[in-house]
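Me: Hi! I'm new to this one and would like a friendly walk through it. Could you show it to me?

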Amino acid sequence: MNTHLRFWLGAAALGLALVAGLRLLGNDYGYFAGYFVLQYVVLAGAWNILGGYAGYVNFGAAGFMAAGAYSAIVVRQWLGWDLIPGIFAAAFVAGLLGLGTGYLTLRLKGVYFSIATLCLAVVLQTLVVNWDYVGGSRGAYIIHARDIPPFNSYSEMLFIVMLALAIITTGIGRAVEMSRLGRGLQAIRDNERAAEAVGVPTLRLKLVATTLCGALMGVAGAPLPYYSGYLNPEAAFSLAYAVNAIAMPLIGGAGTWAGPVIGAVLLASLQQAATVTISSALNLWIVGWMLVIFVAVAPRGILGWFRRRA
Amino acid sequence: MEFDLSLLLNGIVSGLLLGGLYAAAASGLAVSFGMLDIVNIAHPALMVTGAFTVVALGTWLGLDPLVVAVLQAPLFYVFGIGIYNAYHHFFEKRGDEALQGLAFFFGVMFIIEVGLVMVFGPEQRFLDPSYAYTTWRIGDIDLPLRMLVPGLFAMASIGGLFLYLHRSFTGLAIAAVAQDAEALRLMAIDPVRIKRLAFGISIALASMAGGALVVVQPVEPSSGQVFIGRVFAICIMGGMASLPGCIMAALLFGVVENVTATFFGPSWSPAVAFGWLLLVLAFRPQGLFGKAA
């Protein structure tokens, strides 16, 4: 219990230090860049729960994330709910989506799940493009207040929300890793048949993991329309999210709670820097190459590299 | 909408023609995914690359897209061998196919797609052959050559592949490696060499399918994404390693998709692909034409 408490206190302290530091900096761009990095901490952490621990590859991060973003838009238009209830709605919808996809495909070999998630993104995009209520292919606008009292600016509020989500996601990942669920998922990754034979309820654990993974990805997407003020299907379903969600945990070290955080901070900062200085097509290309080179040369990621040496 | 028989007939016929294109796209995957158990999700992206090189070379040489597609196939064969060598060295040999191998192909797909945007730009490319605007009419049914010629081209290339796999020694070895790689070793045949060769063939088929694709529709760097669902659905429905099953599934798929597009609008057709894939995976994972495992 002690280590859990220490983790949460440490994470909270780190978060407060980040907010204080950015306030001192006093530049709105700091919040925007920080949000960009933190959304990937959530996305990579979510991917890691299924991909890292259980070894099941989810290619549909963009689809789940967009499902979350559009859930937030729908509840805003339909019920007038704001960001925070929108996040809960996103978690619910994307979690359900994860459960459904998992239920239909997870009884088979793992690659079928991967293929299904890959197609899921394409099909969800078709549905959204055809759905006029959320703007169809024209996209949807979210108009928000300029300032919200306790915060200095709207972007600071978004940053703090995303920071909280990133801490919660990392904490969930850590809790999963240390719980029976995590150990069961690791057993599935190492040898699913053997795990089944010794009484690990493999299908149930996998379904819990896909639901959790989908829900957290949805959460990562929910503030996106608020962040950009406008969302169209092309931006929401961008393949960049899917490739980053895989590349970050694998580069940081999949199957450890800290791996996705390291990978996300590293890769997202790099991309943010490259977008500002070079072109955005080139920086995506770099991410693709980094993914391929890392999985080939350092399959256990940065953390695995250090562990082997220690 | 009022039910219209000739509309339905035309929908079915052009669906069959479209299915020919899908068969070309899926046949290479039936070799790599079906026979070699290599989950090459970059296959559609390689097909689109083939389409782009067809446009570039065809414009430069002033040749028919399908002729260019045949001429460039050896290049893609060599490229495929390169990809397989990397895959084998880093993943297959280490037993890391499941997680890292999948991520590798995903990375390759992404690199190809972004690379195409950087080289050719994001806009659509096309190359119309001379027959593109001719349409034969049989009674009420239209047979546009833009669809018919690539469909026949696809059938011819799959037929060639079928003969190769069933008549030649190496072809039989490819079928054997799909069933038992270790037994092949006992016959003093190196399974890795056979797999390398087969994977090269699958990529060459992808590039030829790219040539067929260019005749049917304009291509853009992200055209491959819609095909991922289609080709994997077709491959699985067809019973993975079976070429006749692949053709049957592709034709059926083309008809269903096209009839949906005729009656509900073309923007819904990708949803059909996914729905089919999920249904097949949920209820008949061995495929419509496959045997139970």
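**Where the chains meet**

Reply: Happy to! Chain B and chain A bury about 3,700 Å² between them, and carbon and sulfur atoms give 82% of that area. Buried area here is the accessible area (1.4 Å probe) that two parts lose on being put together, summed over both. This is a predicted model, where local features need pLDDT of at least 70, side-chain atom pairs count only at pLDDT 80 or more, and totals for chains, interfaces and linings use all residues. Residues are numbered from 1 along each chain as its sequence is written, chains are lettered from A and ligands numbered from 1 in the order in which they are written, and side-chain values use heavy atoms, with hydrogens and water left out.

Me: Which residues of chain B lose the most area to chain A?

Reply: Leu99(B), Phe106(B) and Phe110(B), which together make up 19% of what that side buries.

Me: And how many residues does each chain bring to the contact?

Reply: Chain B gives 41 residues and chain A gives 41 residues, where contact means heavy atoms within 4.5 Å.

Me: Which element gives the largest share of chain B's side?

Reply: Helix 4 of chain B, with 16 residues. Helices are DSSP runs (H or I, at least four residues), numbered from the N terminus.

Me: OK, new topic. How many salt bridges does the structure hold over all chains?

Reply: Seven. In one of them, Lys206(A) pairs with Glu192(A), with the closest N and O atoms 2.6 Å apart. Lys206(A) is in helix 9 (residues 202-221) of chain A and Glu192(A) in helix 8 (residues 192-197) of chain A, so the pair ties together parts 14 residues apart in sequence.

Me: Is Lys206(A) buried or exposed?

Reply: Buried, at 3% relative accessibility. Glu192(A) is partly exposed, at 24%. Buried means under 20% relative accessible area, exposed over 50%, and partly exposed in between (1.4 Å probe, protein chains only).

Me: What does Glu257(B) form a salt bridge with?

Reply: With Arg230(B), the closest N and O atoms being 3.0 Å apart. That pair links distant parts of the chain, 27 residues apart: Glu257(B) is in helix 10 (residues 243-264) of chain B, and Arg230(B) is in helix 9 of chain B. Glu257(B) is buried at 3%, and Arg230(B) is buried at 8%.

Definitions and conventions:
Helix = DSSP H or I, 4+ residues; strand = E, 2+ residues; numbered from the N terminus. Salt bridge = Lys/Arg side-chain N within 4 Å of Asp/Glu carboxyl O.
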